[in-house]
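Subject: Structure handover

Hello,

The sequence and structure are below for your files. My notes come after them.

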Amino acid sequence: MSTILLLTKALQPSAEVLPALALLGHSVKILPAEGSALLEAPDSDLLLVDGRQDLAQVRDLCRLIRTTGTEIPVLLIVTEGGLAVVNHDWGMDDVVLHTCGPAELEARIKLALGRLAAERDASDPEAHVIRTGEVVVDEASYTAKVGGRTLDLTFKEFELLKYLAQHPGRVFSRQQLLQEVWGYDYFGGTRTVDVHVRRLRAKLGAENETLIGTVRNVGYRFVLPSSEKDGAARAGVPAPRSVDA
């Protein structure tokens, strides 16, 4: 799930500006489509700019966004008529029709975020490596290790471990994991998550299976190693409470 900032002057909910957005599980925050709004803009993974009207003002806004030095992707929402006007020098990364379907919108969001991740990887060789305790997940080579031992994981097991390890301590419901790991259009039941967690724990081994914690009546989380919990406590940050079933 990504955090998306929608810049619009419309007095409408995001579902009216871009209906497909309401069918996806992203966290959406809305601000006025004005340069001053950027000063108080919360952190986000991607910007959506409502360009259905007043394209000249929207063009200037997109260019202004680029002058702020932000590197997050900017997607411009346009009507079919707007497609004939937009130009590459406006500063946006992509355009999307306001009538597009959820599958197309999700694909464009993923591609935009993927391009940014690739650029970051090119400048930082370690950017694609996730290290949480003794677990090391390498997104580039699709390999995962625990305590130096390479794990023989299926694609979905790898994706599940990677997603949990990216958010240590955070609890995810089974439905959230289905959406993030299997995709919003997956029609299988939440039992799929339980099966993959069980297999993943078995491959982690008896000494590491508790890294995937069960939060009763909620879902699963990646359990912070003791050393990291201690470090968080020394910094005054409370470590997540274990509520394993």
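This is a predicted model: local features need pLDDT of at least 70, side-chain atom pairs count only at pLDDT 80 or more; totals for chains, interfaces and linings use all residues.

Residues are numbered from 1 along each chain as its sequence is written, and side-chain values use heavy atoms, leaving out hydrogens and water.

Helix α6 covers residues 174-182 and packs on helix α7, residues 191-204, at an angle of about 80°, the axes being 9 Å apart (axes are lines fitted to C-alpha atoms, for helices over the stretch in contact; angles run from 0 to 180 degrees between N-to-C directions). The two are therefore roughly perpendicular (65 to 115 degrees). On the α6 side, Arg174, Leu177, Leu178 and Trp182 meet Thr192, Val193, Asp194 and His196 of α7 (contact means heavy atoms within 4.5 Å). Four residues of this contact are nonpolar, two polar and two charged.

Leu177, Leu178, Val181 and Trp182 of α6 are buried (under 20% relative accessible area, 1.4 Å probe, protein chains only). They lie on the same side of α6, because their arc around the axis is only 105° (taken from the directions from the helix axis to the C-beta atoms). These buried residues pack against α5, β10 (172-173), α7 and β12 (219-222). Glycine 183 follows α6 and has a positive phi, near 105°.

Glutamate 159 sits in helix α5, residues 155-166. At 13% relative accessibility, glutamate 159 counts as buried. Leaving aside neighbours within four places in sequence, glutamate 159 is in contact with Tyr142 and Val181.

Regards

Terms used. Helices (H or I, at least four residues) and strands (E, at least two) are DSSP runs, numbered from the N terminus. Angles under 35 degrees count as roughly parallel, over 145 as roughly antiparallel, 65 to 115 as roughly perpendicular and the rest as oblique. Ala, Val, Leu, Ile, Met, Phe, Trp, Tyr, Cys and Pro count as nonpolar, Asp, Glu, Lys and Arg as charged, and the others, Gly among them, as polar. Buried means under 20% relative accessible area, exposed over 50%, partly exposed in between (1.4 Å probe, protein chains only).
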